2 protein chains.
Amino acid sequence: MSSLTKVIGDYIVTLFGDSPKSEIILRRKDLAEKFGCVPSQINYVLRSRFSPEQGFLIQSQRGGHGFIRIMQLRFDDCGEYAEHLEDLVGDAISEQDARRLMVSLQERGVISPRERLLVEVALRNQEEQGRVLFDLPPYKRDTMRAELLRKILVSLAMF
Amino acid sequence: MSSLTKVIGDYIVTLFGDSPKSEIILRRKDLAEKFGCVPSQINYVLRSRFSPEQGFLIQSQRGGHGFIRIMQLRFDDCGEYAEHLEDLVGDAISEQDARRLMVSLQERGVISPRERLLVEVALRNQEEQGRVLFDLPPYKRDTMRAELLRKILVSLAMF
DNA sequence: AAAGCATGGTCAAAATAAGTCAATAAGTTT
DNA sequence: AAACTTATTGACTTATTTTGACCATGCTTT
């Protein structure tokens with residue numbers, strides 16, 4: 001039993017396959033018509049299968065000549081590496097270990113210096129807000145750090 | 001199947017490309033005639049595609065020998081550019097506006113697609129935690145989003 | 001200086017198309 | 001079968017483009 005969501009998701013994936021391009025453009029209305037569903041179902045498909053966490057970026061425009069553009073930023077066979085990274089980060093990670101990991105990833109060319117800077121800024125920001133705004137205990141901050149780091153690394157796990 | 005607005009916008013961009021100058025001058029009436037539209041459509045193109053947020057400044061003059069001058073903003077040093085970015089983000093920014101800004105920055109080559117992906121993941125993570133974990137009101141989330149985005153963009157601008 | 005013509009600006013309506021949200025429904029897991 | 005997760009729907013909201021009527025401004029010619 002295949003859900004409509006899966007069918008539509010698979011169809012979108014084939015659109016990527018047809019050309020070597022890593023970007024496709026759709027009309028929400030047309031897609032909905034093609035699969036005989038309400039337009040908002042397309043939003044659900046996109047939200048559940050083509051999120052940034054899954055390596056896709058979406059850009060859309062409403063109104064006249066509206067469109068939905070989906071960009072794929074990820075190789076398909078990097079699942080193993082992503083899993084490995086998830087293991088490395090784990091459920092909780094200290095500030096120090098996080099930094100060590102980032103340094104190592106940068107040295108191995110997995111991420112660029114700018115990307116590392118970006119991640120560090122994001123982590124520090126979260127850390128500071130957790131401490132100052134919500135007075136979170138250290139362990140909670142470690143798990144939240146791990147969560148953010150995992151999401152970021154998995155989404156970047158390509159190349 | 002491009003909108004007229006996009007066609008005209010693209011045409012204007014080619015005008016910049018033709019000369020090394022960072023400034024062009026045109027006649028609203030002539031442009032409207034060239035593309036077979038009402039003159040006010042040109043105003044719409046300018047408002048929607050050549051705003052200060054998108055790196056352009058516009059001067060115009062009515063009457064006899066009226067004209068429209070479009071200037072491309074350029075920044076001489078990183079600090080200035082960082083300041084500009086901070087202004088663009090402001091104290092609070094919606095999810096949509098943040099995404100629009102990222103798209104525009106990526107299209108202008110200020111950030112790479114990977115960097116944009118990374119920022120989106122970080123923003124979405126913060127958004128979700130603010131909503132689910134702390135039940136923050138929308139405005140608070142907008143200010144926190146602005147804070148994170150400002151930190152990230154400024155740090156990248158300095159790099 | 002006034003009148004007239006040549007430009008550009010503003011605003012709002014109409015047409016079009018996408019997004020959100022919450023109520024159900026349908027599957028899955030325990 | 002209860003609880004939980006995932007999928008489906010549709011009413012309502014928001015955004016973009018196109019068009020046109022009306023307004024403002026600045027040369028040019030009297």
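## Exercises on a predicted protein–DNA model

The buried residues of helix H3 of chain B are B:Ile42, B:Val45 and B:Leu46, where buried stands for 20 or more other C-beta atoms within 10 Å of the residue's own, exposed for 12 or fewer and partly exposed for anything in between, with C-beta atoms placed from the backbone. The model is predicted, so that local features need pLDDT of at least 70 and side-chain atom pairs count only at pLDDT 80 or more, while totals for chains, interfaces and linings use all residues. Residues are numbered from 1 along each chain as its sequence is written, and chains are lettered from A and ligands numbered from 1 in the order in which they are written.

**Exercise 1. Work out how the buried and exposed residues are arranged around H3(B).**

Step 1: begin with B:Ile42, B:Val45 and B:Leu46, the buried residues of H3(B). They lie on the same side of H3(B) because they cover an arc of only 95 degrees around the axis, the arc being that of the directions from the helix axis to the C-beta atoms.
Step 2: turn to the face away from this buried side, which carries the exposed residues B:Ser40, B:Arg47 and B:Ser48. B:Ser40 also belongs to the residues closest to DNA strand D.

**Exercise 2. Describe the surface near DNA strand D.**

Step 1: count the residues whose C-beta atom, placed from the backbone, lies within 6 Å of the strand; 30 residues surround DNA strand D, and the closest are A:Leu4, A:Gly63, B:Ser40, B:Gly63 and B:Gly64.
Step 2: assign them to elements, taken as DSSP runs numbered from the N terminus (helices H or I with at least four residues, strands E with at least two). Helices H1 (4-18) and H3 (39-49) of chain A, and helices H1 (4-18) and H3 (39-49) of chain B, each supply at least two residues.
Step 3: sort by class, with Ala, Val, Leu, Ile, Met, Phe, Trp, Tyr, Cys and Pro as nonpolar, Asp, Glu, Lys and Arg as charged, and the others, Gly among them, as polar; the result is 8 nonpolar, 19 polar and 3 charged residues.

**Exercise 3. Which residues come nearest to DNA strand C, and which classes make up the surface there?**

Step 1: of the 26 residues around DNA strand C, A:Lys29, A:Ser40, A:Gly66, B:Ser40 and B:Gly66 come nearest. Two or more residues are given by each of helix H2 (28-34), H3 and strand E3 (67-72) of chain A, and by helix H2 (28-34), H3 and strand E3 (67-72) of chain B.
Step 2: by class, the surface near DNA strand C has 5 nonpolar, 13 polar and 8 charged residues.

**Exercise 4. Trace the sheet of chain A.**

Step 1: three strands form an open antiparallel sheet in the order E1-E3-E2, where two strands pair if DSSP finds at least two bridges between them. The edge strands, each pairing on one side only, are E1 (23-26) and E2 (56-61).
Step 2: follow E2(A) and E3(A), which pair in the antiparallel sense over 6 bridges; A:Gln59 stands opposite A:Arg69, and A:Gln61 stands opposite A:Phe67.
Step 3: inspect the hairpin of E2(A) and E3(A), with 5 residues between the strands, where A:Gly63 in the turn has a positive phi of about 70 degrees. A:Gly63 is also one of the residues closest to DNA strand D.
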